[in-house]
Amino acid sequence: TFTNTDKQKPIIFQVVTSKQGCGDTTSRILKINQSFAIYVPNTFTPNDDGTNDGFKALGYNITKFNMQIFDRWGKMIFETNDMNVAWDGHMKGSDEPIKDDVYVWKANVVDINNKTHDLVGHVTLLK
């Protein structure tokens, strides 16, 4: 377990001794990149019961985020640049809920190491 890797770089040492008693040592600086994670659910139920009413991604160590949701004909029906904003199951700019169906989501995520990840999946809307 390594702690305080932001302030100090850990060094790994290997010390060996042969059967004849000859020894040697080597060392390397260990570069540790911070990890990131993202979770995107595959179903939500926007029926105003207080459980799973919105669809959004969850994650950590993400510096940039964009998610788009499309219907089966490829029409974009929702977009956000904020992981805290959930899709409520309505067409963008409308108060009318859309039908139960399977929708495609695409997300573009930049992690804390400045690496871009293009993600695609499906979400089922059930009322």
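Please keep in mind that the structure before you is a predicted model.

Where does Asp71 lie? It is placed in the loop between strands S6 and S7. Those two strands, S6 covering residues 62-70 and S7 covering residues 76-80, pair in the antiparallel sense over 4 bridges. Together S6 and S7 make a hairpin with 5 residues between them. In the turn, Gly74 has a positive phi of about 90°. Phe70 stands opposite Met76 in S7.

The side chain of Asp71 does, however, reach the backbone nitrogen of Trp73, at 3.0 Å.

I move along strand S7 to Thr80, which is found in that strand. Is Thr80 buried or exposed? With a relative accessible area of 8%, Thr80 is buried. A polar atom of the Thr80 side chain lies 3.1 Å from the backbone nitrogen of Asp82. Not counting residues up to four places away in sequence, Thr80 touches Phe65, Asn66, Met67 and Val85.

Next, the sheet as a whole. In what order do the strands stand? The sheet is open, has 5 strands with mixed pairing, and runs in the order S4-S9-S8-S6-S7. S4 and S7 stand at the edges, each with a single partner strand, so one side of each is left without a neighbour in the sheet. Elsewhere in the sheet, S8 and S9, the latter being residues 116-125, pair in the antiparallel sense over 10 bridges. Within that pairing, Lys106 stands opposite Val120 in S9.

Strand S8 also holds Trp105. This residue counts as buried, at 7% relative accessibility. Leaving aside neighbours within four places in sequence, Trp105 is in contact with a set of residues including Val40, Phe55, Met67, Leu119 and Val123. The C-alpha atoms of Trp105 and Glu79 are separated by 9.5 Å, although these residues are 26 residues apart along the chain.

I close with the aromatic residues. How many aromatic pairs are there? The count comes to 4 aromatic pairs. One of them is formed by Phe44 and Trp87, and it is tilted, with 5.2 Å centre to centre and 50° between the planes. This pair links distant parts of the chain: Phe44 is in strand S4, residues 43-44, whereas Trp87 is in the loop between S7 and S8, and the two are 43 residues apart. Both partners are buried: Phe44 has a relative accessible area of 1%, and Trp87 has a relative accessibility of 0%.

Which residues form the aromatic cluster? Phe44, Phe55, Phe78, Trp87 and Tyr103 form one cluster. Two of these names have come up before.

Technical notes:
Residues are numbered from 1 along each chain as its sequence is written. This is a predicted model: local features need pLDDT of at least 70, side-chain atom pairs count only at pLDDT 80 or more; totals for chains, interfaces and linings use all residues. Side-chain values use heavy atoms; hydrogens and water are left out. Two strands pair if DSSP finds at least two bridges between them. A polar contact is a pair of N or O atoms within 3.5 Å; within protein, one must be able to donate a hydrogen and the other to accept it, and residues adjacent in sequence count only if both atoms are side-chain atoms. Rings of Phe, Tyr and Trp (its six-membered ring) pair if their centres lie within 6.5 Å; planes under 30 degrees apart count as stacked, over 60 as edge-to-face and the rest as tilted. Buried means under 20% relative accessible area, exposed over 50%, partly exposed in between (1.4 Å probe, protein chains only). Contact means heavy atoms within 4.5 Å.
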